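Please examine the sequence and the structure shown below before reading on.

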Amino acid sequence: MSMLKEKLADLFPRQKAEVAAFLKEYGDKEVSKVTLAQAYGGMRGVKGLVCDTSEVPPDKGLIIRGIELKHLTEKIPEEILWLLLTGELPNDVQLKDLQAEIKSREDVPQYVWNVIDSMPPDSHPMTMFNTAILVMQRESQFAKRYAEGMKKDEYWDPSYEDMINIVAKLPAIGAYVYRKRFNKGPRIESDKTADWAKNYAHMLGLPDPNGEFTNLMRLYLNLHSDHEGGNVSAYSAATINSALSDLYYSLSGGLNGLAGPLHGLANQECLGWVLETMKKFNGAPSEEELEKYAQETLDSGKVVPGYGHAVLRITDPRFDAFLAFGKKHMADDPVFQIVERVFNVVPRVLSQVQKIKDPWPNVDAGSGGLLYHYGLKEFSYYTVLFSISRALGICAQGVVARAMGYPITRPKSLPINKYKEIVGAK
Ligand code: AMX
């Protein structure tokens with residue numbers, strides 16, 4: 001048994017007992033109230049979900065198992081996966097053990113390549129990626145063991161196996177989607193000595209003479225890993241998983257939510273918006289021109305992508321981390337300079353619109369400019385990158401949920417007449 005699995009086998013029963021005791025004593029205490037506006041408003045702010053892997057306080061941003069993101073930016077994604085699951089960072093031996101476990105599972109079945117090859121060549125990269133995950137469902141250990149009649153206490157074990165099998169294969173699948181979809185040449189074989197993010201950078205096949213792009217991939221795959229339980233992709237995946245659909249079904253379903261323009265697709269739209277400004281103003285726009293363009297975007301009824309958030313009320317610390325990377329490695333790049341300039345201007349413009357609750361940049365406002373600098377210029381691919389990273393959090397949340405024995409998700413919906421009765425409306 002791998003060190004991570006052994007640790008979880010020890011940890012989970014104790015955590016499950018803690019939850020049971022907690023519920024026994026406090027189960028009938030109220031934790032949240034719901035207004036009519038919240039029922040009609042996407043359940044914003046309603047506390048009714050549980051997620052232990054991470055939390056997102058509006059004034060701080062992402063905290064993974066008690067550690068603020070700003071203290072985690074130097075870590076690699078495998079360390080983050082360990083942290084998400086156990087609440088601790090791994091030591092060197094534990095990290096190597098997890099990396100070896102992932103490496104041993106990275107071979108992708110041939111039929112996955114065949115399925116990607118047979119898709120219409122203009123399919124969205126997210127459709128290709130999510131289809132590849134779904135088509136691998138036949139590999140699910142959970143589904144197999146469930147059909148054999150495994151006990152409830154064992155659910156987390158094959159979920160863990162599914163998680164490692166999926167996580168191990170995603171870099172190769174994501175990289176192939178890039179090469180296939182954008183005619184970049186044949187598939188590049190895995191580098192058996194490289195860590196997860198480095199291997200992904202290698203298989204994408206972009207020039208990386210001094211390893212900076214690899215470092216960006218390490219940062220990128222770290223920063224997008226998790227964002228508590230209520231965002232569209234995590235919540236959708238958890239809901240699917242709560243029906244005991246395995247992690248292949250759940251992850252693919254959740255990532256279909258990430259493919260929406262108000263969620264993960266925003267990073268594809270963001271850089272597009274920045275480059276549009278360059279086109280419109282024949283080169284790098286001034287702050288005044290950007291202000292005008294942002295206003296025009298709002299007036300035409302569109303959103304300014306990369307700005308605003310359903311939970312955050314500050315500059316997203318993930319954006320800060322990308323900005324710091326850009327300042328260090330590409331301060332003179334004209335696209336990066338516009339990204340910085342947009343940051344100087346857009347919050348001011350959005351602050352003047354009363355209904356917008358958060359005028360600050362989210363994670364998607366900065367990442368595209370950095371990818372573009374290293375030659376990853378196909379915007380429609382950017383959400384696949386996001387997905388490879390977010391798979392860590394979604395899968396970890398699924399393993400934890402099955403270990404805790406959480407039941408099927410089933411909030412209550414009502415039609416308008418029932419709500420009218422409840423609030424006493426005529
Ligand atoms: N530009 C223009 N209008 C915006 C805006 C923006 N960046 N952010 C919010 N608004 C508008 C909303 O569309 C909404 O208008 P409506 O009442 O007419 O529908 C109003 O302001 C109130 O919205 P809110 O309560 O401040 O935000 P929300 O929780 O409803 O939505 C989000 C959050 C992210 C969908 C929204 O800010 C947005 O559309 N931003 C642009 C897209 C984006 O960057 N998405 C990525 C989010 C991060 C991620 O998941 N990757």
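Does Glu139 count as buried, partly exposed or exposed? At 29% relative accessibility, Glu139 counts as partly exposed, where buried means under 20% relative accessible area, exposed means over 50%, and partly exposed lies in between (1.4 Å probe, protein chains only). The model is predicted, so local features need pLDDT of at least 70 and side-chain atom pairs count only at pLDDT 80 or more, while totals for chains, interfaces and linings use all residues. Residues are numbered from 1 along each chain as its sequence is written, and side-chain values use heavy atoms, with hydrogens and water left out.

**The ligand and its surroundings**

- The ligand is surrounded by 20 residues, a residue being near if one of its heavy atoms lies within 4 Å of the molecule.
- The closest residues are His263, Gly306, Tyr307, Lys357 and Asp364.
- The shell around the ligand holds eleven nonpolar, five polar and four charged residues; Ala, Val, Leu, Ile, Met, Phe, Trp, Tyr, Cys and Pro count as nonpolar, Asp, Glu, Lys and Arg as charged, and the others, Gly among them, as polar.
- A polar side-chain atom of His263 lies 2.7 Å from an oxygen atom of the ligand.
- For Gly306, a polar backbone atom is 2.7 Å from a ligand oxygen atom.
- In the side chain of Asp364, an N or O atom is 2.7 Å from a nitrogen atom of the ligand.
- The ligand taken alone exposes 890 Å², of which the protein buries 76%; accessible areas come from the Shrake-Rupley method with a 1.4 Å probe.

**Salt bridges**

- The count comes to 23 salt bridges, each being a side-chain nitrogen of Lys or Arg within 4 Å of a carboxyl oxygen of Asp or Glu.
- One of them joins Lys5 and Asp157, at 2.9 Å from N to O.
- Because Lys5 lies in helix 1 (residues 3-26) and Asp157 in helix 8 (residues 156-181), this pair ties together parts that are 152 residues apart in sequence; helices (H or I, at least four residues) are DSSP runs, numbered from the N terminus.
- Lys5 counts as buried, at 8% relative accessibility.
- Arg145 also meets Asp157 in a salt bridge, at 3.8 Å from N to O.
- Salt bridges that share partners join Lys5, Glu101, Arg105, Arg145, Glu154, Asp157 and Glu161 into one network.
- Glu139 forms a salt bridge with Arg138, and the closest N and O atoms are 3.2 Å apart.
- Arg138 counts as exposed, at 62% relative accessibility.

How values were computed
A polar contact is a pair of N or O atoms within 3.5 Å; within protein, one must be able to donate a hydrogen and the other to accept it, and residues adjacent in sequence count only if both atoms are side-chain atoms. Helices (H or I, at least four residues) and strands (E, at least two) are DSSP runs, numbered from the N terminus.
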